[in-house]
Amino acid sequence: MAAEAQVSEVPIERRFFKSLFSRCRVSCVKFLDHFIIAGVGDVLHIYNINTKKIESKKQILQGQNIYGITFLEDSSEVSSRAIIWGGKEFSMVSVSFNGTINVTVIDTWLDNIWIWDVKWFDANSFLTVGMNNSVTLWKCSSKSKESIAYCEDQCIVYSGKIIGASWTTCVILVGTVMQNILIWKPTDAISPTLFTLKGHKGAIFSVNYCPKSNLIVSTSDDRTVRFWKVNFKTENDWTTANIALTSTIFGHTARVWQSAILNDSKNKNIISVGEDGMLCAWTEKGENTMRKEAHQGASICAVDVNASAGLIVTGGADGGLCLWSVTNTSEVETNHIDFNFDSCLADIHEINKPQQSAKCDTSESVILGKELSKEFNSLSPFSSLSVCRATSEETSASSDLLKNFSMTNSTNSLLDGCAFCPSAFRCSNLKSLVLVKSGNVIASLDKGFLLGSSLNSVKWKLLFYDRRFSNYHLLSVSTSRKFVSLASICGTVLLFQDNSSYGTVKITLLSEVQISSSKIFSIHWLSDEIFVTCVAEGLLELWHRIDENDSTVVERHEECVLPASKERWLTCASLSGLHLLCGDRIGSIYFYNLETSMNVSQTFKKIHQGGVCDVRWNEETGEAYSIGRDGYIRHWTKNDDKLELLLTEKLPIKWPTRIFLNQTLGIIVHGFTANQVIVWSYNERKILLREECGGGHRSWDCILNEKLVLVWIKDKSVHVKCYPVDNFSNSVLLEGFHCKEINSLTVCKTISEDGEHFDILLTGSEDTTLRISSITSLNLDSQSNFFDQCVVRSHVSSIRALASITWGREETLNNQHSEDSTTFSSGNIEYLIVSAGGRAQIKVTSLTMAASKIKKMVELASHMLRGDDRSRRTEKQDSGEPEARYMAVDVVCLSRRAVFIFTACSDGVIRIFHFSDDSRKISVVAEIYYHEACILGIRIKQINKDDQKKVFRFLMLTMTTEGIVAVWEIVAKSSSMDKLSCGYTIQSPTTPLFTFHAHQSGINSHDLQPLGDAFILATGGDDTAITLSYFLLDEKCLVKQFTFDCAHEAQVSGILFCRDNPWIFTTSTDQRIILWAYTYGTNLSLQYVAEYQSVIADIHGLSFLDPFKYTVCVYGCGLELVTFEKEIYMNSVRKEEESLSPLQE
Amino acid sequence: MVKCSKDKRDIYYRLAKDEGWRARSAFKLIQIDERFNLFAGVQKVVDLCAAPGSWSQVLAARLNKNKEKNDCAKIVAVDLQAMAPIPGVIQIQGDITQAKTISDIIFQFNGERADLIVCDGAPDVTGIHDLDVYSQSQLLASALNITRHLLKQGGNFVAKMFHGADTSLIRSQFNLFFQTVVIHKPPSSRASSIEAFAICFNFKGTGSNSESENLDSSSLVTPVADQQLARYLQCGDLNALLASSTT
Ligand SMILES: C[S@@+](CC[C@H](N)C(=O)[O-])C[C@H]1O[C@@H](n2cnc3c(N)ncnc32)[C@H](O)[C@@H]1O
């Protein structure tokens, strides 16, 4: 029954297009030797595991996503064969590796059914299992179907897996929509089902089998992973086997897509990945051994494992590719130290014995003996601190003393108020916890005690007592955690050194300083040498710890003053050179240059509403980070001794508390949300750890170096968790991109000093982020040509529209909004970016680029129609109306103080906003209520200006879901009277000049081509048509119109006029890019020229990268850069003409 | 499985609640009928992929409006999932791509043929675009297959489709069996979704083209110029309240 299969070829029209670059979901990953092979759209990427770098890229299945790769098993060491498949297509390739890896396509087939699995039987034949629950045996040599068999249960299957390596021995596992797993063998043309495994409560998305453990692993729509054990009566004889469900795992919070089985001597694990973006590992018994958040929470589409290396590779819907190591959870240490003071009391007995104190370091005890004399009323009973002579005498009979300790205030007694009695201990409350360098924890009690414990013991030891520190004290620790300070209400600071060794807690009092006569409001260590204190009147003093001979002295070096405020002290501070950065409780950030002045050089008032929680310099880059109770992280930079805000980003943490700069992990934020402690990576934007802890109001501490150590108090005990940092690191082979559709894109151009051009892509997505990426080289084969520069996460909802204009020097401003001005000087270029979208939010951001790098990015203003969340909560107005969304935006810049933003809104209102660089505010200047349907598009075009009178005339076009285009005239006049718009007023009309119908339904895309007095508007609609409308502005009418019905298979979502040729590019959700030729002489017409099939799903639009080179970028679920090869096209046209008229000569 | 509308403020969601429909998709069928008058004279109808049942509700309400108990239209609803009973609707639980389900439906009709077949089926949407479009076309192929066995000559067929790379193929397949095919997106269908409905009029009857069992047995690429095109029709000014401000 051999049948000819179709061999797919690149259709002629496609040959004129070349894909340059794409970013989209990673649909397939596979380990091969020390390489990782990944299918990213229709492009095969090959990475080297050792270098973590890309080795090569190749477009394989043109326009079809790659879903699987199967290697021929008995391949030699230098070359191999593989089938690469996706959808109904598959290619046979040869893979050779001699130093580098090389993939060559031998043949490509097109089947008529979606393929779920491919398995080689021998070098000349392979089997495929299709969505219609059939298998086909293919012969490579003849490119034909050798045999076909169907399962008797004929239905659509959602997954399939082939076991065995020959037609007679193979077994087929498929998952149906009817929630069953079917197992069958291709014995007949219609073969019987051997087993029907019931249990899942939804469609089955994957079935996997491990022959070593005879385990079937299935993943499903019902969010479970299920394990089924196959018990063979005779080995590998499925017909007589018995199969039982052994585990049902509810470990994912969404659908589970794939599984992978690790099984060798070292590692035995089952890996599952799902729609929830979680990577989980399970034992065969179903116990969880790993849970990791990956791919920014987007779906994880593909997973593979390399058991011997203990590696996992995942591919995400965000387009990222990550390598993970199979970590062992036993490396995580957990401990609880009960808050039981009895052990301390026992210590007192021990340590107060005379021979114990004799052991103490005499020099210290002398120093301490003097200082801890009666005048200080302090008592330090043990070990490192020793007991001063006077004290030890009096405490020699400790048991008696303990009995006699009282809480009375007899002033004469040395032990007055001492809380050494058990009851006083018991009513002491824990105030602070600090982790010290040695790996011990020190706790302070509100009655003035310091206790210590090692992290792995369960016993507290009393370290120190001084009643001056009862009720109020501040315990803090130096940056490397070697030094601990204790500050009091009467201006005293005690300095201790951590002298513990592993397992024993020991601190030494180094010195005592009286820094003030009154309360110390705050104390923060800036390094191991310097700490800053804040006392009355906002006096900030920097104290340096200096070791002199055997003793330590503390000297005051710098001082400065905190501006007056309600709560005039610090909550955090960081020092870089002599640049001091600090924050306070009301949320202000202060920047001091101590070299030049003791006054604050910059204040960012209440920038972190609710309080600044931490600030941190990165000394290497001169940049800084701050976090606050507002739930934001801000990224700062120092420019000519000035602090500038670079970026603001919302944290996934309600109450961020600390910033770490870690060698391995980069910038890490620690904080709390509800009763969880969260550790989050700024670099990767993902939560590394989430742990129940009872919340941040309790005492806690955290350090991060080679280990992450968390300690917190819960249920009267100190909980300790200690994780190796490697647990959190993964290697990113390919950086993730947007995790949902890209709704809009705008391109900014920059030039480097030596004249090199760069394209900066700004993409706004449904995932609420704005990404800025630069393209350095337009070549698919080049190693790295696309750099993700930064992600802006400040929108509260999806970003639907973007517009950008340059605003460099004032004199060049006026004509910058027209896209024709493409001449830029090199050096820094400042762009003004307007982003708008869901929840009727608009933001204006300034972006300064130096060649392909971001120099500076600052959010200048933000506006929400119904006010921000804060003000809204108080109003509590719920009109029941859905909140409006901005669907499109355009912008005009008359001067830096007169920027006008035009928005198309889903409620049918055209809104015009004014923005000024001075006030940095966005305000509504006009609302035009004309359309009664959602406005999908808006376009502003300057038509003329009168420099003398300072009058600008603009053409405005609006397009709606009803298929109507409205043409408006907008006039901007100079009127220095009008304060708001800083010299310009917009005269907004209430009715358009004229309107016309262009489509049966929504107008999704448009482009405008001016032709002298006339304009051609090209529109693409929901009705799959393209319409050209020719109109004259002066005559206020539509002159002619042409509609090409069914230009695409689906709604036309992008349309662009070429600059130097009468050509139009269009694109649609049907994933095609079509090039058309148009004429506009006596009649308008449109003719099909060529097309390209993109891998990008759900295409939302089309933009030019280089209009003169015919390079376009389509975007939707990812983006692809495609160039139309005009030369090749022209040549082929010429040839065709020649061949048609051979007699012409 | 259609995910229920997330947006509770959705106009159709509210309307459906008010009017007692089980799902907002009821309006799609209502609007299709308003536009194309599909229910006129219909006595026997099959609702494929019917759960949770709002289309069946619409069918029962419209076809049995002024009728006596014993003169009711015959409505057979089929779905993978069980659904709550609806008076006057016969239910079959099964996979429409499975041969057994098809024979169950045929059995219900007892040799007679249906006047109208509707299919609002949607596969498990995976978010993997090409797979979703493909499995939708497979579901459509099954629906068409059932239609060919069950629809009377001159009968009509309404089926949900997903716009995708090979939409044209599906259209041309429908054109083989029906006199007229129109692709239509009712206003209540979200603009953001890729769904549309193929409204197929005047079934040519069985016998012809029985060899094209499988919908997509031909190659993918059809030059745009000479496709057999189905006209796209937008319903003009239906209800004022539909004004697509909900887009
Ligand atoms: C959009 S819902 C139908 C809604 C329905 N028309 C209503 O108005 O209530 C799609 C339905 O298709 C069903 N479906 C999907 N694949 C199916 C199959 N292979 N056989 C039968 N039903 C299927 C799903 O179970 C789901 O209930």
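Biologist: Which residues does the UniProt annotation "binding site" cover?
Modeller: According to the unreviewed UniProt entry, they are Gly53(B), Trp55(B), Asp79(B), Asp95(B) and Asp120(B). UniProt positions are given in the numbering used here, feature names are shortened, and annotations may be inferred rather than shown by experiment. This is a predicted model, where local features need pLDDT of at least 70 and side-chain atom pairs count only at pLDDT 80 or more, while totals for chains, interfaces and linings use all residues. Residues are numbered from 1 along each chain as its sequence is written, chains are lettered from A and ligands numbered from 1 in the order in which they are written, and side-chain values use heavy atoms, leaving out hydrogens and water.

Biologist: Which residues come nearest to the ligand?
Modeller: Ser54(B), Asp79(B), Asp95(B), Ile96(B) and Asp120(B), out of 21 residues around the ligand. A residue is counted there if one of its heavy atoms lies within 4 Å.

Biologist: And by class, what is in the shell around the ligand?
Modeller: The shell has 10 nonpolar, 7 polar and 4 charged residues. Ala, Val, Leu, Ile, Met, Phe, Trp, Tyr, Cys and Pro count as nonpolar, Asp, Glu, Lys and Arg as charged, and the others, Gly among them, as polar.

Biologist: Which side chain has an N or O atom 2.9 Å from a nitrogen atom of the ligand?
Modeller: That is Asp120(B). The side chain of Ser25(B) has an N or O atom 3.1 Å from an oxygen atom of the ligand, and a backbone N or O atom of Ala50(B) is 3.3 Å from a ligand oxygen. The protein covers 97% of the 600 Å² of accessible area that the ligand has on its own. Accessible areas come from the Shrake-Rupley method with a 1.4 Å probe, and for residues only the protein chains shown count as cover.

Biologist: Back to Asp95(B): where is it found?
Modeller: Asp95(B) sits in the chain B loop between β3 (89–93) and α4 (99–109). Helices (H or I, at least four residues) and strands (E, at least two) are DSSP runs numbered from the N terminus.

Biologist: Is Asp95(B) buried or exposed?
Modeller: Asp95(B) counts as buried because its relative accessible area is 3%. Buried means under 20%, exposed over 50%, and partly exposed in between, with a 1.4 Å probe and protein chains only.

Biologist: What is Asp95(B) in contact with, leaving aside neighbours within four places in sequence?
Modeller: Cys155(A), Ile156(A), Val177(A), Met178(A), Leu80(B) and Thr101(B). Contact means heavy atoms within 4.5 Å. The side chain of Asp95(B) also makes a polar contact of 2.7 Å with the side chain of Thr97(B). A polar contact is a pair of N or O atoms within 3.5 Å; within protein, one must be able to donate a hydrogen and the other to accept it, and residues adjacent in sequence count only if both atoms are side-chain atoms.

Biologist: And Gly53(B), where is its place?
Modeller: Gly53(B) is in the loop between β1 (44–48) and α3 (54–63) of chain B. Gly53(B) is buried, at 0% relative accessible area. Not counting residues up to four places away in sequence, Gly53(B) touches Arg22(B), Met83(B) and Ile86(B).

Biologist: How many residues of α3(B) are buried?
Modeller: 8 of its 10, including Trp55(B), Val58(B) and Leu63(B).

Biologist: Which residue does the "active site" annotation cover?
Modeller: Lys160(B), again from the unreviewed UniProt entry. Lys160(B) is in strand β5 of chain B and is buried, at 1% relative accessible area.

Biologist: Switching to chain A, how many helices and strands are there?
Modeller: Chain A has 8 helices and 88 strands. Of its 1145 residues, 62% are buried.

Biologist: Where is the place of Asp42(A)?
Modeller: In the chain A loop between β5 (35–40) and β6 (43–48). Asp42(A) is buried, at 0% relative accessibility. Its side chain has a polar contact of 2.9 Å with the side chain of Gln59(A), and the side chain of Asp42(A) reaches the backbone nitrogen of Gly63(A) at 2.8 Å.
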